[in-house]
Amino acid sequence: MKPKVLFFDIETAPNLAYVWGKYEQDVIAFVNEFHLLSFAYKWLGSDKVKCETIKGQGGDDKKLAKKLRDLFDQADIVIAHNGDSFDIKKARARFVFHGLKPPSQFATVDTLKVARKYFSFNSNRLNDLGIYLKVGEKVKHTGFDLWLGCLKDNKKSWKLLEKYNKQDVSLLEKVYHKLLPWMERHPNMALLQDRDGCPKCGSKHVHKDGVYANSMSLQQRWECQKCHGKFLTRRK
Ligand SMILES: [Zn+2]
């Protein structure tokens, strides 16, 4: 069976808090802590990007958190930009808040970490990577007003947030595919299917590409015909 690979991105509502002033302030008390506003997602191999929101739910993100938890639960690999530090952890905070069960284990690919590890781009922001790699850019929006509009349940704001959130996922996938052949470590897509093949994309169409020697051993070099990733296996 093909591995289930989930691309996703969340949008959160800001914390609402009391402060005594404007600059370098400590929060006195939270009125409302952050919660999920929406998430967009796409499965690898499907062409549909979907978005779920808390539109008309009075700021309650329990159902939304449950839906996202269930998607994580089905996934073998979860991919997000800054997902390891932000999206996955923020989502988890809402899962535990609502008393949800943890999802089954999944591997992750964080395209921000990949961008930092293997390249030196001027900017590792998703929008800047999209432009630099010529695969697209984010939807322009009205800044913080858009988030405020959603908190007030303004229909136009929700519509724009959905569009923005979906485009982030579609851009994420395009950037991921550009970076994929360069990733030296990727959850092994061939092993997940219990077969030989390209560890990065799982394709069986791989060609031998000479040998590689380090100080200790000789290894077989391979090139994938689908994603053009290179990889090594132990020489038998
Ligand atoms: Zn491949």
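Strands β8 and β9 (residues 218-224) run antiparallel and are joined by 6 bridges. Strands here are DSSP runs of E with at least two residues, helices are runs of H or I with at least four, and both are numbered from the N terminus. Two strands count as paired if DSSP finds at least two bridges between them. One of the bridges pairs His 207 with Glu 223 in β9.

This is a predicted model, in which local features need pLDDT of at least 70, side-chain atom pairs count only at pLDDT 80 or more, and totals for chains, interfaces and linings use all residues. Residues are numbered from 1 along each chain as its sequence is written, and side-chain values use heavy atoms, with hydrogens and water left out.

The sheet is open and has 3 strands in the order β8-β9-β10, with antiparallel pairing. β8 (206-213) and β10 (230-234) stand at the edges with a single partner strand each, so one side of each has no neighbour in the sheet.

Helix α5 spans residues 144-151, and its Leu 146, Trp 147, Gly 149 and Cys 150 are buried. Buried means under 20% relative accessible area, exposed over 50%, and partly exposed in between (1.4 Å probe, protein chains only). Just after α5, Asp 153 takes a positive phi of about 60°.
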